[in-house]
Amino acid sequence: MNKIHFNLSKFVIYLLLILGAVIMIVPFYWMITTAVKTPAESIKFPPTLWPSHFVWSNFAKAWKEANFGRYILNTLFIAFTTLAGVLFSSILGAYAFAKLQFKGRNILFISMLGIMMIPMPVYIVPGYLVLMKLGWIDTFYALIIPWTVSVFNIFLLRQHFKSIPNELYEAAVLDGCNHWQFLWKILVPLSKPMLVTISIFSLIGSWNSFIWPLVVTNSDKIRPIQVGLAYFMQEQSTNYVLLSAASTISVIPLILLFFLAQKQIISSYAKSGIKG
Amino acid sequence: MHRRDWLVALLFLLPVIVVILVFRFIPILYAFVISFYKWGITGPTKFIWFSNYIKIIHDAVFWRALGNTFYYSLFSVPLNFVIALFIAILLNQKVKGLGVFRTIYFLPVVTSIIAVSIVFKWIYHPRMGLLNFVLNFLHLPTQTWLEESRGIFQMMTGGHFPIKGPSLALMSLVFMSVWKGLGYNVVIFLAGLQNIPDYYYDAARIDGANRWQSFWNVTFPLLSPVSFYVLLMTTITSFQVFAPVWMMTGPPPGGPLGTTNVVVYYLYENAFTYIRYGYASALAFVLFMIILTLTLIQRNVTEKKVYYE
């Protein structure tokens, strides 16, 4: 009796989980299958759940019409330069907050955390005006420099650096190390998992960022992928075959990254929640 | 450590300080100043004291946008919270294929909101959309989703309920946000659940607690710091919704009949369509104050109930 009850509850659990998983998958399925349909088939109602034939050339067409080569190149450039900045500034900043003694350290750190609390939309207008003063509107600077410092990442890395005992530093000093050498030769190699976490957040953030690049860019030449895709939507408003193909192209790189490093990514997000 | 430390610290913190100063601190001060000016395309024209803020109080469109934002938050946050917790609990029952399920639920989190908006606009299509096809198949009434301006309470009661409620168009955005944001909270909850040691449950069982009792008396209190974090983050995020409105509603965005206009979209529209930087900055500060107040309220309410180990 007990055994049957146990199996029944397991059955219900799997049923609910599978139902949920199907709901999560269906929009992706629908995007990909729409992307390979003919325009005529795509607007049939009731829709065909499996494409009658696969028009792979839709991807090439979307790639060309949406100028995707340009957008992806721009986005990769923005994402990796931003990442370099984020890593550099976070490593140095976290070290200062975790291992150096100086007056006003805690006040500075707390006020930085306070600034982190201010929601992004508050920055749109003044950020735009500051960039205008600098003459940076519609330049890569505007898309990269403001995002090369992340207080959140400094916070994560500082927690990690603090967990590494100071005795290590004292031993390193005896061996003739200064702060700079100690940081790069000993601390950084010990922090690889945390740095991977930070890199993942940074890359995903750059790839998906929208509102800021929407506001600070005007020309196709420097536009990153999400803004390009959004304008493609406005141009093509009802051509869902091309739009689905373009959307598929835009999500593939990130989904590849996700499948390559999913354990790392999921545990990064989980950790960020517990520590935050 | 050495006395020379402050010099090293200054050098190490230089990039951080410069970027924060120029792109965070100064803009915030600047926004505060701008919010007291009439400030259009030609720059500041007049110092007008609190006029922008007073105008906000009398701005009917702002109040509607704020109401819509509250509705969006009021529906998306609890739905997301409850479903995510439920799925995390199911996943925590030592199921096979945990990794596969977790991956599937998490996939929308790393997918961009722009691609998701395109796909959902297509799924919600009133004539050719997948959702109406499914409803049709199940012999349920089809809907016009993003084009429906009537409130959901109005629709469900045939107009006999005194409150109209959020429009079905706004609810369509709510459902999409739950779909997209769920996986993040599932992962956070799951990590929290896995942190609860088994011996608490063993002890509860020995004391004769059933599953429901051990959920309320063991899981819920021990999970409360995580729940608090999830609640806070989901609320803050929900108040900043923008891209789906820009992408999926209208034209003009915020439609039909302004029922999906939210505060951040209204701010964007004021700044970059009407070029009213002063007014938009004042709106930004009002939004900030609202989010700050909500954060403090949630903290005070939950503080007594959150159980920290």
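Two residues are in contact if their C-beta atoms, placed from the backbone, lie within 7 Å. Keep that rule in mind as we walk through this predicted model, in which local features need pLDDT of at least 70 and side-chain atom pairs count only at pLDDT 80 or more, while totals for chains, interfaces and linings use all residues. Residues are numbered from 1 along each chain as its sequence is written, and chains are lettered from A and ligands numbered from 1 in the order in which they are written.

Let us start with chain B. It has 13 helices and two strands; here helices (H or I, at least four residues) and strands (E, at least two) are DSSP runs, numbered from the N terminus. The C-alpha trace of chain B spans about 75 × 75 × 35 Å along its principal axes. Of the 309 residues in chain B, 42% are buried. A residue counts as buried if 20 or more other C-beta atoms lie within 10 Å of its own, as exposed if 12 or fewer do, and as partly exposed in between, with C-beta atoms placed from the backbone.

Now look at where the chains touch. On this interface, 70 residues of chain B are in contact with 70 residues of chain A. Helix α1(B) gives the most to chain B's side, with 19 residues. That side divides into 60 nonpolar, six polar and four charged residues. In this count Ala, Val, Leu, Ile, Met, Phe, Trp, Tyr, Cys and Pro are nonpolar, Asp, Glu, Lys and Arg are charged, and the others, Gly among them, are polar.

Zoom in on one pair of helices there. Two packed helices are described by the angle between their axes and the distance between the axes. The axes of helix α4 (residues 68-99) of chain A and helix α1 (residues 5-34) of chain B come within 8 Å and cross at roughly 125°. Axes are lines fitted to C-alpha atoms, for helices over the stretch in contact, and angles run from 0 to 180 degrees between N-to-C directions. The helices α4(A) and α1(B) are therefore oblique to each other, since angles under 35 degrees count as roughly parallel, over 145 as roughly antiparallel, 65 to 115 as roughly perpendicular and the rest as oblique. Which residues meet? From α4(A) come Phe88(A), Ser89(A), Leu92(A), Gly93(A), Tyr95(A) and Ala96(A), and they meet Ala9(B), Phe12(B), Leu13(B), Pro15(B), Val16(B) and Val19(B) in α1(B). The residues of this contact divide into 10 nonpolar, two polar and no charged.

Finally, some backbone details. Most residues other than glycine have a negative phi, and most peptide bonds are trans. Asn67(A), although not a glycine, has a positive phi of about 60°. Asn67(A) sits in the loop between α3 (57-65) and α4 of chain A, and it counts as partly exposed because it has 16 C-beta neighbours inside 10 Å. Asp138(A) is not a glycine either, and its phi is positive at about 65°. The place of Asp138(A) is the loop between α6 (124-134) and α7 (140-144) of chain A. With 16 other C-beta atoms within 10 Å, Asp138(A) is partly exposed. In chain B, a cis peptide bond with omega of about 0° joins Gly255(B) and Pro256(B). You can find Pro256(B) in the loop between α11 (243-248) and α12 (263-272) of chain B.
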